[in-house]
Amino acid sequence: MKYSKEFEKYLEKEKNASRSTISAYMSDLREFCDYMEAERGKEGEEAGNADVAAFLMNLKNEGKSGATVNRKLASIRAYFACLRLNGFSSANPTEGIKAPKQPRKDVEFLTVEEVDSILELPGSDVKGIRDKALLEVMYATGMKASEIAALNKTDIDLRIGFAVCSGEAGKRRIIPLGKPARAAIKTYLDESRDALIKGEEDCGALFLNYMGERMTRQGIWKVLKHYGEKAGLEKDLNPLILRNSFAAHMIQNGADLKSLQELLGHEDITATKVFLSLSKNRIMDVYDKAFPRAK
């Protein structure tokens, strides 16, 4: 892998990729270069269209999923785009190679009634008040667990009603907070958060664990799992389902895709379009119930 440093710099500067994405791309590229040397008898930079196609076919024969094959193709494509940009190569052997189609997965989300029942579960003790605020903010904003964990007190403006979310690669977005979420945060800040600090130095994080430290992604997952079991849900409650529920309920109540894309922090609107089917389903339900000759 001759130009690994240049590729890493390209991903960071040109693509604004996160450290985890860069790590995944570098790993994919190493795998491709190892394959080229072992199976095709040449270096990765010498690959042609047929070499890339053979590598992808080998992955498929090994039973790799369509998502995995797509990601590795994207890594190779990005690498040769980097080589071309830096004048190391004039060709991109991935041109003309299409990513394999992936089977469509149903979006898993909760009904409004299920969300309401979960939000009513936390108690009035220190932990319950914190959990109530945590659940309300996650549902009200659609943030990922990592984004919730990264929130600081200074990222919340209760007077105007918004949260500043730091997404991947340091990109920040402003997300409105509804009245229930604002009320839950205020109660948490007034009645619970100081008790969690226990006289220790304030780390500045919005959500704290029992040690007075910033809650981790794993800690947030455990909280959601606890309330999912308490609510008797058939599916495990996790941050993705709560995020999907936020998006689904927004779409079903008339939100446009562009606005939802900005709220969720999707770079590509294709990722947001998965929720379009939910809007269509709601339209069909309304039609069936309202139109006298629908059936």
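Predicted model: local features only at pLDDT ≥ 70, side-chain atom pairs only at ≥ 80, totals over all residues.
Biologist: Which residue forms a salt bridge with Lys72, and how far apart are the closest N and O atoms?

Modeller: The partner of Lys72 is Asp28, and their closest N and O atoms are 2.9 Å apart. Because Lys72 belongs to helix α4 (residues 66-85) while Asp28 belongs to helix α2 (residues 19-40), the pair ties together parts that are 44 residues apart in sequence.

Biologist: Are Lys72 and Asp28 buried or exposed?

Modeller: A residue counts as buried when its relative accessible area is under 20%. Lys72, with a relative accessible area of 6%, is buried, and Asp28, with 1%, is buried as well.

Biologist: What do the side chains of Asp51 and Lys42 form where they meet, and how accessible is each residue?

Modeller: They form a salt bridge, with a distance of 2.9 Å from N to O. Asp51 counts as buried at 4% relative accessibility, whereas Lys42 is partly exposed, its relative accessible area being 28%.

Biologist: Which residue forms a salt bridge with Glu62?

Modeller: Glu62 pairs with Lys64, and the closest N and O atoms of this salt bridge are 3.2 Å apart. Here Glu62 is partly exposed, with a relative accessible area of 47%, and Lys64 also counts as partly exposed, at 36% relative accessibility. Elsewhere, salt bridges that share partners join Asp28, Glu31, Arg71 and Lys72 into one network.

Biologist: Turning to the helices, at what angle do the axes of α6 and α10 cross?

Modeller: The axes of helix α6 (residues 126-141) and helix α10 (residues 217-230) cross at roughly 95 degrees and come within 11 Å. Angles of 65 to 115 degrees count as roughly perpendicular, so α6 is roughly perpendicular to α10.

Biologist: Which residues in α6 and α10 meet, and how does their contact divide by class?

Modeller: From α6, the residues Lys127, Gly128, Arg130, Asp131, Leu134, Leu135 and Met138 take part, and they meet Ile220, Val223, Leu224 and Tyr227 in α10. Sorted by class, the contact of α6 with α10 has seven nonpolar residues, one polar residue and three charged residues.

Notes: Residues numbered from 1 in each chain as written. Heavy atoms only, no water. Salt bridge = Lys/Arg side-chain N within 4 Å of Asp/Glu carboxyl O. Helix = DSSP H or I, 4+ residues; strand = E, 2+ residues; numbered from the N terminus. Buried < 20%, exposed > 50% of the residue type's maximum accessible area, 1.4 Å probe, protein only. Axes fitted to C-alpha atoms, helices over the stretch in contact; angles between N-to-C directions. Parallel < 35°, antiparallel > 145°, perpendicular 65-115°, else oblique. Contact = heavy atoms within 4.5 Å. Nonpolar A, V, L, I, M, F, W, Y, C, P; charged D, E, K, R; others polar.
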